[in-house]
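Trainee: I am new to this structure. Can we go through it step by step?
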Amino acid sequence: MKKILPPVLFVLFIIVMGMICWGMGSPHNIGYPYSLIGLPFVVAGLMLAVAGKILFRKLSTNIMTFDEPDKLVTEGVFKYTRNPMYLGLVVAMMGFSILMGSAITSILLTALFLLITDRWYIAFEEKIMHRKFGLDYEEYCRKVRRWI
C-alpha cells in the first residue's frame with residue numbers, strides 16, 4: 001500500500017471540507033465577511049510550511065516523510081518547532097475551516113488532520129530520527145517542542 005504524503009492528505013481534507021460545507025449544506029457558524037479572518041491563518045500556515053521546505057532544500061536534505069532522514073535540521077523555523085511544515089498545514093487548514101464558515105464538520109476535519117499528523121506522521125518520523133541521530137535528537141527534543 002502506498003503511503004499518502006502529508007501535503008496530499010492536506011489537499012484531500014480541504015476538498016472534503018469544501019464538499020461537506022458547500023455541497024451538503026453544512027450549517028455555517030461564521031458568515032461572510034467575518035469568515036475572511038481565516039485568510040491570514042491560511043497565508044501564515046502555508047508560509048510556515050514553505051519556510052521549512054525551503055530550508056530543507058537549502059541544506060540539501062531529504063523532505064520525504066517516509067524516507068530516511070539525511071540531516072538533523074535545528075536552525076531557522078526548526079529552532080521554534082520541531083515540525084514547522086506540519087504546524088503550518090494545520091494552521092492553514094484551520095484558516096480554511098474559518099473561511100468556509102467554521103461548520104462543525106470542518107472544525108472536526110481539522111482536528112482529525114491534526115490527530116493523524118501527530119499520531120501517524122510525526123510519531124513515525126520521530127522514531128526514525130531518534131534511531132538515526134540518537135543523543136543529538138534527544139537534546140533537540142528537550143530544547144524544542146513538537147508543535148509550539
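Mentor: Start with a term: contact means heavy atoms within 4.5 Å. Keep in mind that this is a predicted model.

Trainee: Which helices do the buried residues of α1 pack against?
Mentor: Helix α1 covers residues 6-23. Its buried residues include Leu 9, Phe 10, Phe 13, Ile 14 and Met 17. The buried residues of α1 pack against α2 (38-58), α3 and α4.

Trainee: How far does α1 reach from its first C-alpha to its last?
Mentor: Helix α1 has 18 residues. At 1.5 Å a residue, 26 Å is expected. The actual reach is close to that, at 24 Å.

Trainee: Is α3 roughly parallel or antiparallel to α4?
Mentor: Look at the axes of α3 (residues 84-99) and α4: they come within 9 Å and cross at roughly 170°. Angles over 145 degrees count as roughly antiparallel. Therefore α3 is, relative to α4, roughly antiparallel.

Trainee: How many residues of the contact of α3 with α4 are nonpolar?
Mentor: On the α3 side, Leu 89, Val 90 and Met 93 are among those that meet α4. On the α4 side, Ile 107, Phe 113 and Glu 125 are among the partners. The contact has one charged residue and four polar ones, and the nonpolar ones number eleven.

Trainee: Is Glu 126 buried or exposed?
Mentor: Glu 126 lies in helix α4. Its relative accessible area is 14%. Buried means under 20%, so Glu 126 is buried.

Trainee: Which side chain makes a polar contact with the side chain of Glu 126?
Mentor: Beyond its neighbours within four places in sequence, Glu 126 is in contact with Arg 82, Asn 83, Tyr 137 and Arg 146. The polar contact spans 2.7 Å, and the partner side chain is that of Arg 82.

Technical notes
Residues numbered from 1 in each chain as written. Predicted model: local features only at pLDDT ≥ 70, side-chain atom pairs only at ≥ 80, totals over all residues. Heavy atoms only, no water. Helix = DSSP H or I, 4+ residues; strand = E, 2+ residues; numbered from the N terminus. Buried < 20%, exposed > 50% of the residue type's maximum accessible area, 1.4 Å probe, protein only. Polar contact = N/O pair within 3.5 Å; in protein donor to acceptor, adjacent residues only side chain to side chain. Axes fitted to C-alpha atoms, helices over the stretch in contact; angles between N-to-C directions. Parallel < 35°, antiparallel > 145°, perpendicular 65-115°, else oblique. Nonpolar A, V, L, I, M, F, W, Y, C, P; charged D, E, K, R; others polar. Expected span 1.5 Å × (residues − 1).
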